[in-house]
Amino acid sequence: MELNTMLGMLFEGFGFSASIFLITLIGALPLGIVVALARMSKIKVISGIAQLYISIMRGTPLMLQLMAIMFGPYYIFGISTGSDWKLIACGIGFVLNYSAYFGEIYRSGIQSISTGQYEAAKVLGYTRSQTFMQIILPQVVKRVLPAVGNEIITLVKDTSLAFVLGIGEMFSTAKALAAKEVSMFPYVLAALIYWGFCLLITAILNLIEKRMDYYHA
């Protein structure tokens with residue numbers, strides 16, 4: 001098979017990988033804030049549920065979670081799902097899993113802010129929501145950005161786990177090409193594409209981190 005044809009097939013699979021990546025970020029980054037706030041809630045029931053959720057998401061394999069969401073509706077409730085369900089199940093699984101990790105990262109960042117800043121904001125007449133959004137959150141973002149960045153890089157590679165649901169992302173494509181060509185070369189090309197994407201994400205994160213230098217944590 002010609003190199004251009006092989007690359008074309010790999011990049012087509014990479015389109016699915018990139019879609020999973022973007023959907024996860026769009027869903028998990030804001031949901032992580034909800035998880036963090038629930039985890040820190042003074043209401044024990046809410047805090048307990050959040051702790052259980054985080055424990056399950058971090059304590060079981062993402063692959064198993066994807067399969068549970070994919071096949072759970074049928075095996076548990078007897079509900080037949082359509083062909084589009086695997087894409088929906090994949091998105092749900094990745095968002096739920098990564099929101100737990102982001103939630104714990106956010107929580108550590110929020111709790112690292114001194115109580116004096118909350119008290120000073122109160123004296124200046126800020127409401128709780130204004131204090132959080134205008135004073136606390138920018139500092140939290142600055143502090144947790146390296147840890148969040150590590151999770152985002154991990155997410156790039158974890159998109160390959162979508163193959164268990166039969167989604168034709170790049171790893172699945174490389175695997176099929178390697179079997180057809182009886183060669184490791186498709187895996188090498190896939191690795192280079194993953195690496196290149198990670199380098200791009202790293203550059204973007206570094207740029208964001210430099211711009212956040214205004215907030216000295």
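Guide: Helices here are DSSP runs of H or I, at least four residues, and strands are runs of E, at least two, numbered from the N terminus. Mind that this is a predicted model, where local features need pLDDT of at least 70 and side-chain atom pairs pLDDT 80 or more, while totals for chains, interfaces and linings use all residues. Residues count from 1 along each chain as its sequence is written, and side-chain values use heavy atoms, without hydrogens and water.

Visitor: What makes α1 roughly antiparallel to α7?

Guide: Helix α1 (residues 3–39) and helix α7 (residues 170–181) pack at about 155 degrees, axes 7 Å apart. Angles over 145 count as roughly antiparallel, so α1 gets that label against α7. The axes are lines fitted to C-alpha atoms over the stretch in contact, and angles run from 0 to 180 degrees between N-to-C directions.

Visitor: Which residues of α1 and α7 meet?

Guide: On α1, M6, M9, L10, G13, F14 and S17; on α7, M170, T173, A174, L177 and E181. Contact means heavy atoms within 4.5 Å.

Visitor: Why is R107 called buried?

Guide: Its relative accessible area is 17%, and buried means under 20% (1.4 Å probe, protein chains only), so R107 qualifies. R107 sits in helix α4 (residues 85–111) and touches A36, R39 and M40, leaving aside residues up to four places away in sequence.

Definitions and conventions
Parallel < 35°, antiparallel > 145°, perpendicular 65-115°, else oblique. Buried < 20%, exposed > 50% of the residue type's maximum accessible area, 1.4 Å probe, protein only.
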